[in-house]
Amino acid sequence: MGRRSLRDDILQAGLRVMFRSGYRGASVRDICAAAGAPQGSFTNHFRSKEAFAGEVLDRYFDYLQGLVAQALKDETLTPRQRLKQYLDIITGKLQRDGWRIGCLIGDLSLEASSHSKRLRKRLDAIFQKWRTPFATCIAAAQSAGEVDSQFDATELAEFLLASWEGAILRMKVERRPAALERFKTIVFETVFKKPGTPNLSARRVSRRSARRRANEGRNQRALRGKSKRS
């Protein structure tokens, strides 16, 4: 019986090491050590570290596409609710990692795209493929009257993903979810707000006005009570 291939082990270990150390900081030695594989196994399976990183990226994107499908194909929710569900699913994953690990696509976009033409082109292709199901879901939300149709659905999908990646990067710096929650609140109160729904600031003003009227009413009743007793 031939020796078992260590290719999958090395790829899985590479994913963990690149999340921790980045593309440039992830040495072949560290990757092989994490996989429990001799360094010769790496060169047997991969032409270069650049080619290896491309395969790690593909593996990660396959996993991410499963999460996209889980959220955006949920027929029990409206299209707008599905968009929220995706962001909440990712937030849950990030929370389990203690807000320390973000998105490998965003990480490599920052680090590797300026050093590797091959990875830059692969990342560009991933972003184009990634936006497609979001554009479809946004178009469905527009058709259902859930989201303003002022902007093109593909442009909105690009905006959503790019801005979400920025919020994840900020989260990694702060080691807390504030940036994620801030983004979700603002984006669904502005860009993806239901047509005709007052925005958050307007609702806050309305609530303050209601509290003020209630307080005024209590004060007036108290004054009337005092005048009757006197």
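**Entry 1. Ser-41**

For helices I took DSSP runs of H or I with at least four residues, and for strands runs of E with at least two, numbered from the N terminus. The model is predicted, so I noted that local features need pLDDT of at least 70 and side-chain atom pairs pLDDT 80 or more, while totals for chains, interfaces and linings use all residues. Residues are numbered from 1 along each chain as its sequence is written, and side-chain values use heavy atoms, with hydrogens and water left out.

Is Ser-41 buried or exposed? I found Ser-41 buried, because its relative accessible area is 11%; buried means under 20% relative accessible area, exposed over 50%, and partly exposed in between, with a 1.4 Å probe and protein chains only. Setting aside residues up to four places away in sequence, I recorded that Ser-41 touches Leu-6 and Ile-10, where contact means heavy atoms within 4.5 Å. The C-alpha atoms of Ser-41 and Leu-6 lie 7.1 Å apart, although 35 residues separate the two in sequence.

**Entry 2. Helices α1 and α2**

I next examined how helix α1 (residues 7-25) packs on helix α2 (residues 28-35): the angle is about 140° and the axes are 8 Å apart. The axes are lines fitted to C-alpha atoms over the stretch in contact, and the angle, on a scale from 0 to 180 degrees, is taken between N-to-C directions.

**Entry 3. Aromatic pairs**

How many aromatic pairs does the structure hold? I counted nine. Rings of Phe, Tyr and Trp (its six-membered ring) pair if their centres lie within 6.5 Å; planes under 30 degrees apart count as stacked, over 60 as edge-to-face, and the rest as tilted.

Phe-19 and Tyr-60 form an edge-to-face pair, at 5.5 Å centre to centre and 75° between the planes. Phe-19 lies in α1 and Tyr-60 in helix α4 (residues 49-72), so this pair ties together parts that are 41 residues apart in sequence. I noted both Phe-19 and Tyr-60 as buried.

For Trp-164 and Phe-183 I recorded ring centres 5.6 Å apart and planes at 45°, so this pair is tilted. Trp-164 belongs to helix α8 (residues 153-174) and Phe-183 to helix α9 (residues 178-189), 19 residues apart. Trp-164 counts as buried at 1% relative accessibility, and Phe-183 likewise at 12%.

I also found that ring pairs link Phe-19, Tyr-60 and Tyr-63 into a cluster.

**Entry 4. Thr-91**

I located Thr-91 in helix α5 (residues 79-96). Thr-91 is buried because its relative accessible area is 7%. Apart from neighbours within four places in sequence, Thr-91 is in contact with Trp-99, Trp-164, Leu-180, Glu-181 and Lys-184. Trp-164 is thus a partner of Thr-91 and of Phe-183.

**Entry 5. The whole chain**

The chain has ten helices and zero strands, and 38% of its 230 residues count as buried. Among contacts between residues at least 6 apart in sequence, 65% join residues at least 24 apart.
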